[in-house]
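Please read the following report alongside the sequence and the coordinates.

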Amino acid sequence: MSRRLAGMAVHLYTASGSVLALLIVLAAFDGNAIMALWIGLAALVVDGTDGMLARTARVKETIPWFDGARLDDIVDYLTYVFAPVVLLWMTGALPDGAPGWVLAALPLLASSFQFCRVDAKTDDHTFLGFPSYWNVVAFYVIVLDLDRVTVATILVVCSVLVFVPVRYLYPSRTQAFRSLSLVLTAVWIGTYALLLVEYPSLNPLVVAASLAYLVYYLAVSGYLTVAARHRRRSETRAGSPLDATST
């Protein structure tokens, strides 16, 4: 019974992200973008720790009838996709009229597709296609005060990348560079908070440190993609029949 209660507590912890998504939307409608980003940071922390707690509580064994992965996907869509798009809309980062509607729809539709893919998370714990980090996009759009053209370009490119089979780092699960990734992710979360504290007078060094993590993330993701392709080619060659002439 105690294990089941612990498992339900973990699921409730995950589900709290849906409430945080609502608070992000409400803050956006109130015109308080920085508060919305603070709540978004809380949602990031919840999402980054609930999996570890779930594995520790062995929720799949203690509550086998409850699909925690589906709950996690629902919450992630709300906090990583829907709420950030609302925030972008309410802060005026998107153009007026039909172009704005189209740009707002792109992440919603692309991520709806991605969240329904059974291979969105690979067996070696990477994301396949841009992992719908629209909350991160919204964060940089607001704190760096990016212009509408830049925002539109980012939204279009990232929406297309959802469908491109590139592997992206899953910081808490990918085994390659895992220790380094966890440390740098923690540092990035620190820069996230510091930039919100400093806003709008940002320290260039903090900005550089924050963006450096993105460079690291993309570099490791590129490495993982190339390594996976080499691995598949090696497996294909190893499994191919021998040429009859070689016997």
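## Surface patches

R237 has its place in helix α9, which covers residues 204-239. In this predicted model, R237 counts as exposed because its relative accessibility is 59%, a value above the 50% cut-off for that class. Together with R229, R232 and R233, R237 belongs to a patch of positive charge on the surface.

## Overall architecture

The chain contains 9 helices and 2 strands, and from the N terminus on the order of these elements is α-α-α-α-α-β-α-α-β-α-α. Along its principal axes, the C-alpha trace spans about 75 × 50 × 40 Å. Among contacts in the chain with a separation of 6 or more, 77% are accounted for by residues 24 or more positions apart.

Of the 247 residues in the chain, 42% are buried. The accessible surface of the chain comes to about 13,600 Å², and carbon and sulfur atoms contribute 69% of that area. As to charge, the chain carries 17 positive and 17 negative side chains, with the centres of the two sets lying 10 Å apart.

When neighbours within four places in sequence are left aside, the residues in contact with H11 are V59, I63, F66, G68 and L71.

T49 is found in helix α2, residues 33-57, and counts as partly exposed at 23% relative accessibility. Between T49 and G100 there are 51 residues of separation in sequence, and the distance in space is 34 Å from C-alpha to C-alpha.

## Salt bridges

How many salt bridges does the structure hold? There are 6 salt bridges, and one of them pairs R58 with E61, the closest N and O atoms being 2.6 Å apart. Within this pair, R58 is partly exposed at 39% relative accessibility, whereas E61 is exposed, with a relative accessible area of 54%. Another salt bridge joins D119 to R117, where the closest N and O atoms are 2.9 Å apart; here D119 is partly exposed with a relative accessible area of 33%, and R117 counts as partly exposed at 24%.

R231 and D124 also form a salt bridge, with 3.1 Å between the closest N and O atoms. Because R231 lies in helix α9 while D124 lies in the loop between α5 (97-115) and β1 (126-128), this pair ties together parts that are 107 residues apart in sequence. R231 is partly exposed, with a relative accessible area of 38%, and D124 is likewise partly exposed, at 31%. Through salt bridges that share partners, D124, R167 and R231 are joined into one network. Helix α9 therefore holds both R231, which takes part in the link to the loop, and R237, which belongs to the positive patch on the surface.

How values were computed:
Residues numbered from 1 in each chain as written. Predicted model: local features only at pLDDT ≥ 70, side-chain atom pairs only at ≥ 80, totals over all residues. Heavy atoms only, no water. Patch = residues over 30% accessible without salt bridge, like charges linked within 9 Å, V, L, I, M, F, W, Y side chains within 5 Å. Areas by Shrake-Rupley, 256 points an atom, 1.4 Å probe, with all protein chains shown as cover. Salt bridge = Lys/Arg side-chain N within 4 Å of Asp/Glu carboxyl O. Lys, Arg positive; Asp, Glu negative; His and termini not counted. Charge placed at Lys NZ, Arg CZ, Asp CG, Glu CD. Helix = DSSP H or I, 4+ residues; strand = E, 2+ residues; numbered from the N terminus. Buried < 20%, exposed > 50% of the residue type's maximum accessible area, 1.4 Å probe, protein only. Contact = heavy atoms within 4.5 Å.
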